[in-house]
Amino acid sequence: MSASVVARDYAEEPALLPRVIELLGTVFGFVPDLIAAAEPIGLRWAEVSRPFVVTVGGADGPVVAHVGVLALPLVVAGRRVVAAGIHAVATHPDRRGRGLYRRCIE
């Protein structure tokens, strides 16, 4: 399997979002509906999530693994800091057990 792991940017690569949503729909079922429902109230997935993905067949190929990273601005002891959280961790069922999540998270 020819696969690449890259931190991507939805703003620079708008065609990536539908491919990530397709994977999340395959893995979780309900996530695409939640993403669509959040848009009209100003919660835009592409603006808050930084995707780390594995694609097959080149950068434009299907997304088979995904880890999203959210920046979490906080104030700790009076200091502004940015923490991060991971979300929407998914590997296509046909690709599990091959270390793809590990490649994304590393």
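At 82% relative accessibility, Ala-77 counts as exposed, where exposed means over 50% relative accessible area, buried under 20% and partly exposed in between (1.4 Å probe, protein chains only). Ala-77 sits in the loop between strand E3 (63-76) and E4, and its phi is positive, at about 50 degrees, although it is not a glycine. Keep in mind that this is a predicted model, in which local features need pLDDT of at least 70 and side-chain atom pairs count only at pLDDT 80 or more, while totals for chains, interfaces and linings use all residues. Residues are numbered from 1 along each chain as its sequence is written, and side-chain values use heavy atoms, with hydrogens and water left out.

**The chain as a whole**

- The chain has 4 helices and 4 strands; these are DSSP runs numbered from the N terminus, with helices being H or I of at least four residues and strands E of at least two.
- Read from the N terminus on, the elements go β-α-α-α-β-β-β-α.
- Along the principal axes, the C-alpha atoms fill a box of roughly 50 × 30 × 25 Å.
- Of the 106 residues in the chain, 31% are buried.
- Take the contacts (heavy atoms within 4.5 Å) with a separation of 6 or more: residues 24 or more positions apart account for 53% of them.

**The nonpolar cores**

- In soluble globular proteins, nonpolar side chains tend to be buried together.
- A nonpolar core here is a set of buried Ala, Val, Leu, Ile, Met, Phe, Trp, Tyr and Cys residues joined through side-chain atoms within 4.5 Å.
- The largest one has 13 residues, and Tyr-10, Leu-16, Val-20, Leu-24, Trp-45 and Val-63 are those with the most contacts inside it.
- Helix H1 (16-28), helix H2 (31-38) and strand E4 (79-91) are the elements that give two or more residues to this core.
- H1 gives the most, with 5 residues.
- There is also a second, separate core of 7 residues, including Val-54, Val-64, Ala-65 and Cys-104.
- Setting aside neighbours within four places in sequence, Val-20 is in contact with Tyr-10, Val-53, Val-63 and His-66.

- Leu-24 lies in helix H1 and is buried, at a relative accessible area of 0%.
- Not counting residues up to four places away in sequence, Leu-24 touches Gly-29, Val-31, Pro-32, Ile-35, Trp-45, His-66, Ala-88 and Ala-90.
- Leu-24 and Ile-35 are 11 residues apart along the chain, and their C-alpha atoms are separated by 10 Å.
- The H1 and H2 axes come within 7 Å and cross at roughly 130 degrees; axes are lines fitted to C-alpha atoms, for helices over the stretch in contact, and angles run from 0 to 180 degrees between N-to-C directions.
- H1 and H2 are therefore oblique to each other, given that angles under 35 degrees count as roughly parallel, over 145 as roughly antiparallel, 65 to 115 as roughly perpendicular and the rest as oblique.
- On the H1 side, Ile-21, Leu-24, Gly-25 and Phe-28 meet Val-31, Pro-32 and Ile-35 in H2.
- That contact of H1 with H2 divides into 6 nonpolar residues, 1 polar and no charged; Ala, Val, Leu, Ile, Met, Phe, Trp, Tyr, Cys and Pro count as nonpolar, Asp, Glu, Lys and Arg as charged, and the others, Gly among them, as polar.

**The aromatic pair**

- Searching the whole structure turns up 1 aromatic pair.
- Phe-28 and Phe-30 form this tilted pair, at 6.4 Å centre to centre and 55 degrees between the planes.
- Rings of Phe, Tyr and Trp (its six-membered ring) pair if their centres lie within 6.5 Å; planes under 30 degrees apart count as stacked, over 60 as edge-to-face and the rest as tilted.
- Phe-28 is partly exposed, with a relative accessible area of 33%.

- Most residues other than glycine have a negative phi.
- Ala-88, in strand E4, has a positive phi of about 50 degrees although it is not a glycine, and at 19% relative accessibility it counts as buried.
- Ala-84 is also found in strand E4, but is exposed, at 57% relative accessible area.
- Ala-84 is in contact with Val-69, Leu-70 and Leu-72, leaving aside its neighbours within four places in sequence.

**Arg-8**

- Arg-8 is found in the loop between strand E1 (3-7) and H1, and it is buried, with a relative accessible area of 5%.
- Beyond its neighbours within four places in sequence, Arg-8 has contacts that include Glu-13, Arg-19, Arg-50 and Thr-55.
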